[in-house]
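This briefing describes the structure shown below.

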Amino acid sequence: MEFFERFAVPHPSIAIYASMVAIGLTMVAIVAGLTYFKKWGYLWREWLTTVDHKRIGIMYLISALIMLFRGGVDAIMMRAQLSAPENTLLDAQHYNEIFTTHGVVMIIFMAMPFIFAMMNIVIPLQIGARDVAFPRLNALSFWLFFMGAMLFNISFVVGGSPDAGWTSYFPLAGNELSTSVGTNYYMIAIQISGIGSLMTGINMITTILKMRAPGMTLMKMPMFTWSSFIANVIIVFAFPVLTIALALGTMDRLFGTQFFTIDNGGMDMLWANLFWVWGHPEVYILILPAFGIYSEVISTFSRKNLYGYKSMVASMVIISLMSFLVWAHHFFTMGQGALTNSIFSITTMAIAVPTGVKIFNWLLTMYKGKIEITTPMLYSLLFIPLFTLGGVTGVMLAMSAADYQYHNTMFLVAHFHNVIIPGVVFAMLAGLTYYWPKMFGFMLNERIGKWTAWLLSIGFLLAFMPMYITGLDGQARRMYTYSESTGFGPLNMVSFVGAIIMAIGFVLIVYNVYYSVRYASRDISADPWDARTLEWATHNPVPEYNFAVLPEVKSSEALWDAKKKGHVLFKGEYEEIHMPNNSGAPFIMSIIFFVLGFSLIFSLWIPAIISIIGVFAFMTHRSFEQDHGHHISVKEIEETETKMRGAK
Amino acid sequence: MKIDHSLPLEYSTEQNKLNILGFWIFLGAEIMLFATLFATYFTLYNRTGNGPTGAEIFEITPVLFETFLLLTSSFTIGLGIHAMRLGRQKAMISFFVITLLLGLGFLGFEVFEFFTYVHEGAGIQTSAFTSILLTTLGTHGAHVTLGLFWGLFIVLQVRKRGLTPQTANKSFIFSLYWHFLDVVWIFIFSFIYLKGMM
């Protein structure tokens with residue numbers, strides 16, 4: 001029996017048993033459904049083995065939305081627990097697990113795949129390419145992320161969730177103070193999906209540098225491509241630091257090394273430093289592509305070219321460099337001395353300058369524009385004031401002396417939600433709505449979309465503004481309850497109401513998808529938003545090969561200038577198109593990674609060694625494989641193009 | 001597939017160019033990976049707890065052998081790529097095999113060195129210093145081990161398929177990897193061993 005005991009959840013509750021049943025039933029339902037509708041072959045051929053960047057993007061998108069709800073349930077539970085003083089809805093341990101998984105899920109498994117979804121779907125189309133540089137690697141990146149996410153998500157029903165915070169500081173995360181396997185899940189699940197992110201970074205940089213359409217110089221790239229390019233450069237330089245930090249943490253927990261321990265020379269603060277040397281650039285990995293989406297949307301719906309293109313690019317380059325020079329502001333109170341704190345204070349405040357430049361550029365883009373308030377534009381308009389508010393509180397936190405007051409309070413929690421929700425989440429929802437017709441060939445309902453945007457904004461303000469006040473009054477973060485005499489009760493109740501309004505907003509997104517699938521018109525043009533860049537120059541939805549003839553570009557707004565100045569985008573005859581073959585290897589290899597991760601988490605050495613051999617067997621097979629892809633003949637292209645045009 | 005004959009074989013197709021650039025970017029990530037290990041090493045190298053210090057366990061002889069073997073292998077793989085550019089398949093394979101043998105010799109000395117450390121009471125669990133020392137050396141050693149298998153597969157492919165744009169591309173990328181491991185070793189030699197023995 002002892003062998004099985006370690007798989008048991010250390011702090012079981014009715015909610016967890018109910019989740020186990022729900023997970024079991026869902027899996028049975030999926031398997032039964034696929035079998036009944038005979039969809040296994042379709043699933044395997046069209047999705048599990050696909051190397052098409054558009055489909056990989058859609059899979060990223062679906063995963064991100066599922067994880068949004070997973071993390072959202074955690075959030076609602078936290079707000080419910082704190083809505084009243086001395087609430088007993090959750091115990092301290094359960095609360096610790098929930099705030100840990102909420103943070104990890106939202107950053108690593110919701111925000112990251114959401115931006116990868118946008119990058120995958122948009123970048124090759126925006127630069128006039130037929131796929132990314134390494135399509136098979138792209139599939140592997142996705143499946144590694146997906147398996148990492150699944151591994152992390154089974155933690156709460158098998159062995160227990162991590163409970164040391166999403167930052168997982170040592171010595172709390174060490175073996176002595178975190179005895180369950182939860183922190184092993186943290187270390188290994190993030191490692192697996194992190195390898196995927198790193199490979200996406202390499203893939204996207206190569207794609208953007210080498211596969212742009214003829215005529216598209218670097219300074220003629222659309223702004224989303226520019227912002228993603230810079231975000232991917234940050235990925236390539238920041239993620240290896242996380243790889244090492246997690247590897248050292250894993251070794252401390254599994255093999256008894258002394259990196260972050262208290263005695264034998266270990267240094268717990270080293271973890272905090274390594275974590276944030278990755279962690280702060282990570283913030284910019286998330287926000288820069290979001291800025292890119294806002295740039296596209298604001299320019300499109302103001303019917304003007306983007307104001308200050310060059311200063312936009314310059315400010316992003318400066319942000320990317322400075323993002324590596326601010327990490328110590330996450331622990332001003334940990335005693336590294338006045339000089340160090342001062343330096344990091346100044347760099348942190350300085351990074352607000354290039355960000356401010358971008359805000360003014362968006363405002364000036366709208367100035368005297370013919371603004372059309374669509375759902376994506378509404379998100380962008382709400383973003384500017386809300387995000388600026390978060391930026392200003394960020395500068396408050398940057399002052400290291402004052403930070404002794406704010407540190408570890410709800411003020412900080414309010415600040416980073418204030419930048420991440422209007423910054424990243426609104427951008428992704430704007431991008432989702434904006435690019436939906438590109439992915440699926442119909443538009444989301446505008447009326448429901450605008451309701452969602454307003455509900456999310458009002459819910460956001462109600463949920464997080466009270467935290468600024470309770471935080472300044474001294475309510476500590478990560479505390480599972482507080483006494484009535486503190487007076488935090490009413491404001492926390494307001495937060496709870498705000499959280500519920502946000503939840504309704506997120507449910508409306510799902511309803512909008514359902515409603516639009518049923519009722520939206522399929523009869524839309526290739527360019528329903530009257531947009532400006534190349535992704536709207538091909539059909540909706542996009543054919544497998546993206547562009548029948550590769551476009552030739554003369555300006556940064558190629559499609560707009562084709563429409564207004566009569567530039568000719570597509571010249572020449574159809575030629576045979578070379579496309580990569582599908583492959584099941586990335587999917588199967590990632591399953592082996594899942595088994596490997598699970599075995600390491602529970603120190604099951606024999607399955608771990610077998611799965612490592614399995615991984616190397618796949619790599620060996622890949623080395624010897626000769627796969628030259630396939631060709632799409634001119635006749636097939638003609639047929640597809642005729643059909644696509646006829647459908648208009 | 002369009003082949004551009006004005007360029008060396010390894011650059012001759014579009015995909016080949018992508019592969020080489022992609023691998024350079026991967027090497028950028030690898031530099032960050034080892035830089036993080038070095039930074040951690042410099043943070044922890046005098047935190048020896050109850051364990052031995054670097055000066056007590058480092059020995060110059062095996063380290064010099066390792067250095068000579070690895071540096072020579074970097075030279076021979078350069079000759080291999082030169083032979084490849086001249087289209088001399090046999091010479092290229094010979095130089096690649098010599099490279100891999102030198103790498104194997106390096107690995108042998110490293111394993112011996114690890115056994116000595118553990119024997120002298122400097123195991124991976126002893127202190128923060130020994131943990132990071134063995135992890136840094138081990139990460140480099142694991143890269144060399146992976147390289148041995150990878151190089152072997154490439155030699156087999158060149159033998160079987162001849163010098164094609166694909167095999168030339170793989171060989172060239174492998175040579176980049178191998179030179180990179182040599183660069184990392186130079187840093188390990190200078191900043192871990194020499195600095196530790198001073």
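In which loop of chain A is A:Pro541 found? A:Pro541 is found in the loop between helix H17 (489-519) and helix H18 (558-564) of chain A; helices (H or I, at least four residues) and strands (E, at least two) are DSSP runs, numbered from the N terminus. The model is predicted: local features need pLDDT of at least 70, side-chain atom pairs count only at pLDDT 80 or more, and totals for chains, interfaces and linings use all residues. Residues are numbered from 1 along each chain as its sequence is written, while chains are lettered from A and ligands numbered from 1 in the order in which they are written.

**Chain A overall**

- Chain A contains 21 helices and two strands.
- The radius of gyration of chain A (taken over C-alpha atoms) is 25 Å, close to the 26 Å that the globule rule gives for 648 residues, so chain A is as compact as a globular protein of that length. The globule rule is 2.2 Å times the number of residues to the power 0.38.
- Taken along the principal axes, the C-alpha atoms of chain A fill a box of roughly 70 × 60 × 50 Å.
- Of the 648 residues in chain A, 51% are buried. A residue is buried if 20 or more other C-beta atoms lie within 10 Å of its own, exposed if 12 or fewer, and partly exposed in between, with C-beta atoms placed from the backbone.
- Among contacts in chain A between residues at least 6 apart in sequence, 83% join residues at least 24 apart. Two residues are in contact if their C-beta atoms, placed from the backbone, lie within 7 Å.

**Helix packing in chain A**

- Helix H5 (residues 92-126) and helix H8 (residues 223-255) of chain A pack at an angle of about 120 degrees, and their axes are 10 Å apart. Axes are lines fitted to C-alpha atoms, for helices over the stretch in contact, and angles run from 0 to 180 degrees between N-to-C directions.
- H5(A) and H8(A) are therefore oblique to each other. Angles under 35 degrees count as roughly parallel, over 145 as roughly antiparallel, 65 to 115 as roughly perpendicular and the rest as oblique.
- The crossing of H5(A) and H8(A) is left-handed, a term used if the near helix is turned anticlockwise from the far one by less than a right angle.
- A:Met119, A:Val122, A:Ile123 and A:Gln126 of H5(A) make the contact with A:Phe224, A:Thr225 and A:Ser228 of H8(A).
- The residues of this contact divide into four nonpolar, three polar and no charged. Ala, Val, Leu, Ile, Met, Phe, Trp, Tyr, Cys and Pro count as nonpolar, Asp, Glu, Lys and Arg as charged, and the others, Gly among them, as polar.

**Local backbone features of chain A**

- A:Asn540 and A:Pro541 are joined by a cis peptide bond, with omega about -20 degrees.
- The loop between H17 and H18 of chain A also holds A:Asn546, which has a positive phi of about 65 degrees although it is not a glycine. A:Asn546 counts as buried, with 24 C-beta neighbours inside 10 Å.
- A cis peptide bond also joins A:Phe170 and A:Pro171, where omega is about 5 degrees. A:Pro171 is in the loop between helix H6 (135-153) and helix H7 (182-210) of chain A.
- A:Asn264, in the loop between H8 and helix H9 (268-302) of chain A, has a positive phi of about 60 degrees although it is not a glycine. With 19 C-beta neighbours inside 10 Å, A:Asn264 counts as partly exposed.

**Chain B**

- Chain B has six helices and zero strands.
- The C-alpha trace of chain B spans about 65 × 30 × 25 Å along its principal axes.
- Buried residues account for 38% of the 198 residues of chain B.
- Helix H5 (128-161) of chain B and helix H6 (residues 165-197) of chain B pack at an angle of about 160 degrees, with axes 10 Å apart. H5(B) and H6(B) are therefore roughly antiparallel to each other, and their crossing is left-handed.
- The residues of the contact of H5(B) with H6(B) divide into 13 nonpolar, eight polar and two charged.

**Interface between the chains**

- At the interface, 30 residues of chain B are in contact with 30 residues of chain A.
- Helix H1 (14-44) and helix H5 (128-161) of chain B are the elements that give two or more residues to the side of chain B that touches chain A. The largest share of that side, 15 residues, comes from H1(B).
- The residues of the side of chain B that touches chain A comprise 15 nonpolar, 13 polar and two charged.
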